[in-house]
Every structure is written in C-alpha cells, then in structure tokens.
Amino acid sequence: MKYVDEYRDSELVDTIAERLRRITTSHWRIMEICGGQTHAILRFGIDELLPSGIELVHGPGCPVCVTPAALIDKACSIAVLDNVIFCSFGDMLRVPGSHADLLEVKSQGGDVRMVYSPLDAVTLARENPQREVVFFAIGFETTAPASAAAVHQAEQEKLSNFSILVSQVLVPPAIEAILSSTHNLVQGFLAPGHVCTVTGYEDYAALVRRFNVPIVVTGFEPLDIMHGIYLTIQQLESGRAEIENQYTRSVRPRGNEIARQMIERVFQAASFSWRGVGEIPRSGLRLREAYAQFDAERRFGMESYTTPDDPQCIAGAVLQGVRKPPDCSLFGSHCTPGHPVGAPMVSAEGACAAYYRYRRVPRRRSDNSQ
Amino acid sequence: MCLAVPGRVLSIDPESVLRPGRVDFAGISKQVSLACVPEARVGDYVLVHAGIAITRIDEQLAAETLDLLRQMQQQQASEDTQL
Amino acid sequence: MVDNFTLSCPTPRPRDSIVTLSHGGGGRLMKDLVDDLFITAFNNPELAEKHDSARVAAPGGRLAFTTDSYVVNPLVFPGGDIGSLAITGTVNDLAMAGAVPHRLSCAMIIEEGLRIETLAAIVDSMAATAAAARACVVTGDTKVVEHGKGDGLYINTAGIGLIPTGREVVPRRVTAGDTIVISGDIGRHGIAVMSVREGLAFETTIESDCALLTEPVELLFGAGIDCHCLRDLTRGGLGAALIEIAETTMLHLDIDETAVPISGQVRGACEILGLDPLFVACEGRFVAFVPADQAVHAVDALHRHALGVGAKVVGTVAAVQPDERGLVTSRSSLGTRRVLDLPVGDQLPRIC
C-alpha cells in the first residue's frame with residue numbers, strides 16, 4: 001500500500017536504530033502520546049530495536065481509556081431505551097462503565113450498532129425517521145471533524161431524530177497536565193501526528209517554550225516513529241528543546257483550516273473529567289448552544305453525576321506515564337482483557353492491554369540471523 | 001487514537017455539501033467525505049479517518065522524508081567502511 | 001435478517017410464503033415442509049426411509065465424527081451462504097482428521113417469518129455442496145422458534161467420515177522441528193462478510209473462501225506426505241488455529257508474518273478497519289504440520305490443486321524453551337517477535 005509500505009522498510013529502520021545507538025549517551029524517557037503510536041510500537045516491537053538508554057512511556061492518547069465511566073453509564077442508559085438506535089465505534093463496545101458495557105446492553109436487547117463513521121449514523125437517522133439515533137462521539141481532535149460534519153449534515157437535512165453523546169477530548173491540555181505534575185519524569189514527547197494533521201502544532205510549540213522540553217510531531221508507521229524518536233534524542237543529547245515536525249507529508253503548522261473551522265462552528269472548549277486522571281479545564285469539547293438539539297445528554301435528560309474509579313485501579317498513573325501496568329495489584333489477575341477493571345485494559349492500544357498481550361514472556365532481542 | 005489510512009481518490013461528487021468521494025485502499029474502495037480537502041483531485045492521495053479525509057498527502061514531502069533517511073543510510077555505510 | 005435472493009430453484013415451492021410456528025408443530029405443515037424441501041433436495045435412499053434414525057452401512061475401520069453449528073449473519077454473503085458453510089465446515093472438520101466424508105445430519109432452527117424461498121435456496125445450496133463433497137445428508141430435524149428468537153436461521157450439521165487405515169492425524173503428533181504449511185491466503189471470509197455488514201459496507205470483489213478441503217488434503221496424502229496434524233481455519237483465522245494447537249500440545253509455534261499470504265484487498269480492508277489479519281476469519285484454508293524434510297514436497301502437492309495454489313511455508317514448531325511452552329510467536333517485517341494472543345471476543349473494527 002502506497003504511503004504505508006515504504007515507511008515499514010526494515011533496512012531504513014535498522015539504519016535509524018544504529019544511528020540511535022551511536023548518539024545516545026544518557027538515559028532518556030520519551031512519551032508517545034497517541035494510542036495508535038503505542039499500538040505500532042508494540043505490534044512491530046520497536047522498543048526492542050532501541051538502545052537500552054531510551055525508555056518509552058505510553059501516554060494518555062487513548063480516548064477510549066479516558067472516557068469517564070459516568071459517560072459510559074449514560075451511553076448504556078440511552079442504548080437500553082426502546083426507540084433508540086445507539087451507534088458507536090467498535091472501540092467503545094467492550095469498555096466497562098460502573099456496571100455494564102454496551103455489548104452487554106446489546107445482548108439484553110438494546111439496539112446497539114457498530115459504525116465506521118459518524119456519517120453512517122446520520123444515514124441511519126435519515127432512513128429511520130421513527131427512531132431516535134444517537135452516536136457516541138468519542139475521540140481526540142482527529143475525530144472531531146467527522147463528528148462536527150455529522151451534526152452539520154443532520155442540521156442541513158433538518159433531521160429531528162439525531163443526536164450525539166459527546167466525549168471529545170483535546171491533547172495539549174493533557175500534556176500540560178503531565179508536564180505540570182511534580183511526579184513528571186518525561187523528558188521528551190512524540191506528539192500525535194493525526195491530531196496535529198487537523199490542529200497544526202502551534203499549541204505544542206507553546207508547550208515547548210513554557211516547559212523547555214522537545215516535542216516532535218510524529219507519524220504512525222515504524223519508520224516515522226523511529227525517526228521521531230531519533231529527532232527527539234538528537235535534541236536531548238544536544239540540550240535543545242524545540243518543536244519539530246517529522247510527519248511533514250501530512251502535518252502543516254496550522255493543520256487543516258477547514259477541519260478546524262468545521263469543529264469551531266459546532267463545538268466549544270469545555271472542562272472534561274478524564275477517567276483515572278480527574279478534571280482538566282478546557283480539555284474537552286461540548287456542543288455550542290446553537291446545536292443544543294443535537295446534544296444527547298440534554299435530549300435524554302441525563303443528570304450529570306460522577307462515578308468513583310476503583311481505588312485499586314491505577315489507570316490514571318499509567319495514563320500519565322508515572323507507573324507501569326505491572327505495578328498495579330490487579331494487573332493480570334483481577335484485571336485482564338477478558339475482565340477489565342480500568343479502560344486501559346480494554347482498549348486495544350491501552351497501555352495495560354498492550355502490556356498484557358505483548359509482555360507475558362520476557363522478550364528476546366530481535367533475531368536477525370533468520 | 002487516530003487510525004488514519006492513505007488512499008487514492010477515485011471519484012468525487014462535488015454537489016453535496018459533504019463532498020462525498022470514492023477512495024481506493026489497495027483494491028477495496030469506500031465512500032468518504034472529502035469536505036476537508038477541497039483541493040484534492042482524482043488521483044491524489046488523502047488520509048482517511050472515521051469516514052472523512054483529514055488531509056491531502058504531500059507527495060513531495062513524503063519523498064523527501066524517505067530521501068533524508070536513505071542519505072542517512074548511505075552516510076552510515078560510508079562511515080562503516082572507513083572504520 | 002437479510003434475504004436478498006433472486007431464485008431459480010428447482011424445488012417445488014410450497015404454497016405458504018413464510019415459515020410460521022405451525023411449521024414446527026409436528027403437524028401437516030411441518031411434514032409437508034420437510035418432504036417438499038429437505039427430502040426432495042437431499043434426495044437419497046437412507047433419508048427416504050423417513051425413519052427416526054438413518055441406518056447406515058458401517059465399513060470396517062475407524063470413523064471420524066464431528067459436529068458444528070452455524071449462526072452466521074447475514075445468511076447470504078459474497079461467495080456463499082449459511083447452507084454451503086454448514087456443509088463445508090463439517091466436511092472440512094472430517095478432512096482435518098484425515099477422513100473422507102461419509103454421512104451427514106442437518107438440524108435447523110428456523111425463526112418464524114423466514115421466507116420459504118430463502119429457506120429453499122439455502123437447502124438447495126446445502127444439497128449442492130453435499131453432492132460436491134460426495135456425502136449424503138441422511139437425517140435431520142426441524143424446529144421453529146418465535147420471531148425475535150433467532151437470526152433467521154441456525155443450522156447444526158454433524159458428520160461421519162471414514163479414516164483410511166494407517167492415517168494418524170492428531171495434535172499429539174506435532175513435534176518440534178515440524179514445518180507449518182498454509183494452504184492459501186488468509187482473511188477472505190471475514191472481510192467478505194464484513195463488507196456487507198450495515199455500518200461498515202465497502203466495495204470489494206473479495207468473496208468468501210468457503211470451500212471443501214477434502215481434495216487438497218487427499219492430494220497431500222497421495223503425495224506421501226506424513227501429515228502430523230491438520231487444522232482448518234475458521235473464526236479467529238490463522239492466529240486462533242495456531243494458538244489452539246500450541247495450547248493443546250504445549251509446544252512453541254513460531255511464524256514469519258511476512259510469509260503469510262494475504263491478498264491486497266484483504267490487507268486494505270484490514271488497514272482501514274484496524275484489524276489484525278492473523279485473526280480474521282477464513283473458511284476454505286487449512287494449516288498442515290509436516291516433517292521439515294517433506295515441507296517443499298507438501299507445498300508442491302498443494303499447488304497442484306485450485307484451492308492450494310497459494311500454499312506456503314509460514315513457520316516452524318520451535319524447540320521448546322521453558323518460558324515459551326504453549327505459545328505462538330510471530331516475527332514482524334522488522335525482525336522483532338511478538339506473542340500472539342486471542343482477542344477477547346470477535347475482533348472489532350476500531351478507529352483508535
């Protein structure tokens with residue numbers, strides 16, 4: 001596949017790995033923000049290719065993981081209603097709220113349907129005028145344009161039976177929270193390439209200036225990630241702290257203006273309670289007043305309430321990169337992919353599920369003698 | 001997050017506000033919205049996430065990234081032979 | 001419930017248009033349904049006896065015996081339907097024990113409201129597949145459940161096969177050093193079914209690889225290959241099949257991901273849906289565990305059959321290290337290895 005395969009070239013990956021071995025003289029801790037990057041690192045074993053001085057920490061870039069349990073409870077409450085068609089990305093179907101997940105609601109008779117795009121949910125609304133169609137709008141800024149387009153489309157078509165349950169989060173406030181924490185040990189960041197494709201990277205440049213840490217906007221294929229790590233290490237080894245863009249084929253400094261306008265028209269910034277982390281101001285999106293009719297929480301009269309997280313679950317610390325999943329007393333025993341307690345165990349690229357899947361056996365060094 | 005995949009634009013329907021188009025991914029095709037990439041033409045590559053194209057891939061910059069890394073490879077090889 | 005046929009079905013069409021609870025009641029309606037549809041379509045002397053049990057001649061030697069239930073939705077998909085799948089799956093399970101299919105049973109649980117036309121077409125599909133497998137459906141059962149209590153149709157098939165003397169094809173025989181051969185490319189069935197699912201539809205020419213495997217398996221034996229074990233790939237794809245064998249044998253199976261054959265379209269679909277192709281369902285593919293010195297010979301033998309043209313060596317049964325018992329590892333294009341683990345349930349498309 002073009003623009004995929006070339007960035008999986010093993011010889012070029014080896015080149016960068018060798019380069020890293022030559023330039024790395026200290027121990028450095030780098031966080032990759034995006035769950036998609038975590039997934040690629042684990043699937044391709046990229047951390048195995050790095051010199052031992054480089055430690056990769058998995059960040060909170062998993063909107064599935066950070067969606068509050070209370071919101072999933074609301075989703076389940078709506079999905080169980082008779083007249084509702086509840087649409088969701090596949091990612092969210094197995095994430096537990098405080099007592100159930102959407103697949104369980106489906107098995108009890110709720111009309112829960114998996115969709116690839118929020119626009120598919122709009123199609124369902126158009127085709128089923130007698131039913132209430134609700135879309136679970138989760139995601140970071142990458143997904144916000146699609147959700148915004150869906151609401152805009154529904155408005156254009158004057159659909160009165162479509163609404164979205166919003167769980168849109170923003171990345172820069174999360175990085176700011178991590179960097180502001182006294183527990184922070186992260187020295188450099190790989191910024192999420194697809195989020196920045198939409199937003200650009202001015203906010204990240206501001207973080208660089210404020211906290212004096214290198215941030216490299218990075219793509220998702222093995223070569224992109226290795227390259228992004230290399231640029232970060234180069235900066236750290238030379239004492240620089242700058243914003244750099246590794247993912248130039250996709251990311252421009254100001255991102256995609258039209259996509260940003262689409263988001264702006266429909267959404268505004270709001271405070272968001274990150275599961276396992278807590279409330280971060282202006283770190284999420286909510287629908288503007290003009291679009292209130294498309295807000296499922298209002299439409300279905302959902303009271304806002306908080307659900308306490310399991311005290312033994314250390315998802316928050318894991319998401320901020322200060323603890324690793326095996327540190328958790330529940331890891332691998334009470335909390336497994338089959339019976340998850342916290343969201344990072346459910347999501348395919350949540351740090352806990354990733355550790356469980358890929359690290360049950362001590363990994364050997366890559367065997368290039370084959 | 002953010003599984004976004006590059007695909008080639010096969011056709012565009014300019015009439016609708018969402019600018020739907022068909023995009024090819026290694027032989028399978030899907031209808032997506034091209035509303036965020038009005039500059040995309042048939043034959044261009046776009047990055048698609050959740051049914052919407054979020055950018056047009058800059059083919060020149062893509063090639064430059066690979067060239068840069070190939071130069072690194074050559075430089076490394078010549079350093080090795082000098083040792 | 002989807003039924004989107006245009007039919008040219010030779011079976012005489014009953015007068016009613018949909019199946020009702022009365023058809024399951026054991027009365028006249030049911031008898032007519034069974035006679036008109038099933039007995040006519042499956043058409044063999046043992047079935048025609050219309051007895052509570054089919055009486056089958058038992059040649060000497062060992063029998064293989066298997067059963068499976070089919071709950072696929074939609075009932076019809078590119079490249080097949082629940083009927084062809086139900087016969088194929090059971091015949092293939094027999095083939096994996098080195099058995100030639102002999103007799104089959106078929107039990108149907110029909111949801112009230114299913115169109116008789118749809119049922120007739122599926123039964124015809126089963127009959128055609130059974131004929132191609134040279135096996136007869138000699139006994140069966142029919143039940144009807146209330147509307148809302150079934151996905152249109154559930155089918156259970158069971159099968160008896162004859163194992164030629166001297167063949168011992170069983171996981172226990174898998175040995176360190178064996179080569180793992182796959183009969184063809186992966187993921188077609190899963191992607192074909194997904195391509196017609198509401199909410200995920202995409203355009204593809206991919207069809208299910210649903211196919212009878214008896215012939216390519218017999219080609220292997222005919223070529224003198226000592227198959228230690230055979231396993232057909234179904235739900236959960238190649239990954240699930242290997243993990244099952246690894247956990248049964250407590251050996252370490254190691255595959256080269258770059259050697260696993262996969263078509264461009266299946267790969268494209270997996271990329272956009274975020275699926276791991278190793279766990280996408282197949283239906284007309286199998287893996288064979290053969291002695292290393294017979295691997296090339298085995299691949300050549302399979303290449304001689306239409307269903308085996310894509311056959312390749314994909315891995316080996318490794319010497320067992322204490323911390324790697326019962327594991328499957330996969331080597332990536334970068335040379336790194338990961339442990340394969342079963343997804344919790346069906347793999348779901350993702351956007352993250």
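Tutor: We begin with domains, whose bounds come from an automatic or database domain assignment. The model is a predicted one.

Student: How many Å separate the centres of domain 2 of chain A and domain 3 of chain A?

Tutor: In the assignment, domain 2 of chain A is 65–170 + 255–299 and domain 3 is 315–358. Taken over C-alpha atoms, their centres are separated by 25 Å.

Student: Which classes make up the side of domain 2 of chain A that touches domain 3 of chain A?

Tutor: The contact joins 10 residues of domain 2 to 11 residues of domain 3 in chain A. On the domain 2 side, the classes are five nonpolar, two polar and three charged.

Student: Why are the buried residues of α13(A) on the same side?

Tutor: The buried residues of helix α13 (257–266) in chain A are A:Ala259, A:Met262, A:Ile263 and A:Val266. They share a side of α13(A) because the arc they cover around the axis is only 95 degrees.

Student: Which element gives the most to the side of chain B that touches chain A?

Tutor: The contact takes 44 residues from chain A and 31 from chain B. On the chain B side, β4, β5 and α1 give two or more residues each. By class, that side has 23 nonpolar, seven polar and one charged residues. The most, eight residues, comes from α1(B).

Methods. Residues numbered from 1 in each chain as written. Chains lettered and ligands numbered in written order. Predicted model: local features only at pLDDT ≥ 70, side-chain atom pairs only at ≥ 80, totals over all residues. Buried ≥ 20, exposed ≤ 12 C-beta atoms within 10 Å, placed from the backbone. Helix = DSSP H or I, 4+ residues; strand = E, 2+ residues; numbered from the N terminus. Arc of directions from axis to C-beta. Contact = placed C-beta atoms within 7 Å. Nonpolar A, V, L, I, M, F, W, Y, C, P; charged D, E, K, R; others polar.
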